[in-house]
Amino acid sequence: MTKRFDQGSWATPGVQTVQPGVHRVPLPLPNDGLHAVNVYLLEDLAEDGGLVMIDGGWAIPEARKTLEEGLAAIGRDLGDISHILVTHVHRDHYTQAVELRRLLGSRVYLGAGERRGLELLNELRGGLTCSLRILRQAGADELADHVRATYPDLYRPEDWETPDRWLDAETLRFGGSELQVIPTPGHTRGHVVFLDERRGLMFSGDHVLPRITPSIGFEAAEPGGRPLASYLDSLHLVTRYADARLLPAHGPVTDSTHTRVAELVAHHDDRLAKTLAVLGDGTHDAFTVARSLAWTRREVPFGDLNALNQMLAVNETVAHLDVLVLRGTATVSAAQGVNRYTRLR
C-alpha cells in the first residue's frame, strides 16, 4: 500500500512506496539546508533478485543507519543491493555508493561526463578549488578567503574511487525491465537521469527538483564550460520524452516532470532578465551583480546568506551572465584576473 507523505514531511525518515516495487527512502544530511537526499529502491529488476538503488547518499553513519532501517521495513537488508545507479558525483549522492560497494560488492554506475570532474577532484584533493577560482574571477577575493577558511574540504580519497561502469545515453536492462539513461549536463557536467518509461517514472537526481532550483556548476571542473546553457538545454531535452512522475533527489514525489520543467525554465528566464537589468549602463563583475540581486524564494538579500550560499549565489550569477554573453545581450572582458560584464544595447 502506498504511503502518502505531505509536502512538509518529505525528509522525515521512513519508507514511501511510490508504487509496488519502487520505494523512496530519505537519508539525512546533517547540518545541510537540503535536510535529506532521496534514494530509491527498485525491486524485481536485478536478475539475481537483488535491489537496484538509485543514488547512494552521503557516506556518514546517520545515512547508513537510516538506509538499513528503510530496507528492514520492506523485508530487505544491505546485502540485497546489487546495483547502485548514481545521478551525479556530488558527495551526498556518490560517496555512500562507493562505501557500499566496498562492503557488499555492489556495482556502481555513474555518467561518463563525470569522469574528468572525478579525476580533477582527486588531483586537487578537494572540490572547492574550482569554485574558489570562480569567486576570484568574479571579483570576490575576500569571500573566497572566507570560504576557504570556514569550510574545510573533508577530502577522503576512498570516497572518490571510480565507478564500475561509466554510463552514456543508453538503455539499462535489469531482468524484464528497462531504465533509459539520459545525460542532463548542467548541475554537473556528467549528470544523468533515469527514465522508467513502462512505469512512467523519472528519477531526476538534482536535475529537476520540485521545490528549489539546483545549483549550477558547483563541481570540480576545468574552465570554459557554460553550465547554465547546458542546463537549460537539458531541461528541454527531458520534455521530448513522455511526461512522467517526478522522483527527485530532494523534495517530495510529484505528478508531472514537464510541469516542473516549465516552472524552472520560467524561473531562469526571470533571473536572466533581472541580471541584465542590474548590469544597466555600467560594467560590473559578477560579485557586484550578485550583491544587487535577491536570493531564494523568500527574496533574501545577498548579505543575509551564509558564506557557502554566497559562494553558490556568485556561481549562479556567473552562469547567468555567461548565458547573456552567449545570447549576445552582454559582453565580457578580463582585467587583472577579474571578468567584467557590460550590457549591449
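Start at Asp196: this residue is buried, at 1% relative accessible area. Buried means under 20% relative accessible area, exposed over 50%, and partly exposed in between, with a 1.4 Å probe and protein chains only. Its partner is Arg199, and their closest N and O atoms are 2.8 Å apart in a salt bridge. That term needs a side-chain nitrogen of Lys or Arg within 4 Å of a carboxyl oxygen of Asp or Glu. Arg199 is buried too, at 17%.

This is a predicted model: local features need pLDDT of at least 70, side-chain atom pairs count only at pLDDT 80 or more, and totals for chains, interfaces and linings use all residues. Residues are numbered from 1 along each chain as its sequence is written, and side-chain values use heavy atoms, with hydrogens and water left out.

**Zoom out: the whole chain**

Show the cartoon. The chain has nine helices and 17 strands. Both are DSSP runs, numbered from the N terminus: helices are H or I with at least four residues, strands are E with at least two. The radius of gyration is 20 Å, close to the 20 Å from the globule rule for 345 residues, so the chain is as compact as a globular protein of that length. The radius is taken over C-alpha atoms, and the rule is 2.2 Å times the number of residues to the power 0.38.

Switch to the C-alpha trace. Along its principal axes it spans about 65 × 40 × 35 Å. Buried residues are 53% of the 345. Now consider contacts, meaning heavy atoms within 4.5 Å. Of those between residues at least 6 apart in sequence, 64% join residues at least 24 apart.

**Colour by charge**

There are 36 positive and 45 negative side chains, and the centres of the two sets lie 3 Å apart. Lys and Arg count as positive, Asp and Glu as negative; His and the chain ends are not counted. Each charge is placed at NZ of Lys, CZ of Arg, CG of Asp or CD of Glu. Side chains of opposite charge can pair when their charged atoms come close. Here the salt bridges number 20.

Select Glu161 and Arg101. They form a salt bridge, with the closest N and O atoms 3.2 Å apart. The pair links distant parts of the chain, 60 residues apart: Glu161 is in the loop between helix 5 (141-150) and strand 7 (165-167), and Arg101 is in helix 2 (residues 91-104). Glu161 is partly exposed at 31%, whereas Arg101 is buried at 15%.

Next, select Arg136 and Asp141. Their salt bridge is 3.3 Å, N to O. Arg136 is partly exposed at 27%, and Asp141 is partly exposed at 41%.

**Asp322, without a salt bridge**

Go to helix 9 (residues 307-326) and pick Asp322. Asp322 is buried but has no salt bridge; Arg226, the nearest side chain of opposite charge, is 4.1 Å away. Leaving aside neighbours within four places in sequence, Asp322 contacts Arg226 and Tyr341.

**Val289**

Move to helix 8 (residues 286-291) and select Val289. At 0% relative accessibility, Val289 is buried. Not counting residues up to four places away in sequence, Val289 touches Thr275, Val278, Leu279, His284, Thr317 and Leu321. Draw a C-alpha line from Val289 to Ala138: they are 9.5 Å apart in space and 151 residues apart in sequence.

**Loops to finish**

Most residues other than glycine have a negative phi. Two stops show positive values. His35 has phi near 75 degrees. His35 sits in the loop between strand 2 (22-28) and strand 3 (36-42), and is exposed at 55%. Thr296 has phi near 70 degrees. Find Thr296 in the loop between strand 14 (294-295) and strand 15 (300-301); it is partly exposed at 43%.

Last, select Gly175, in the loop between strand 8 (170-174) and strand 9 (177-183). Gly175 is partly exposed at 48%. Its C-alpha is 17 Å from that of Ser106, 69 residues away along the chain.
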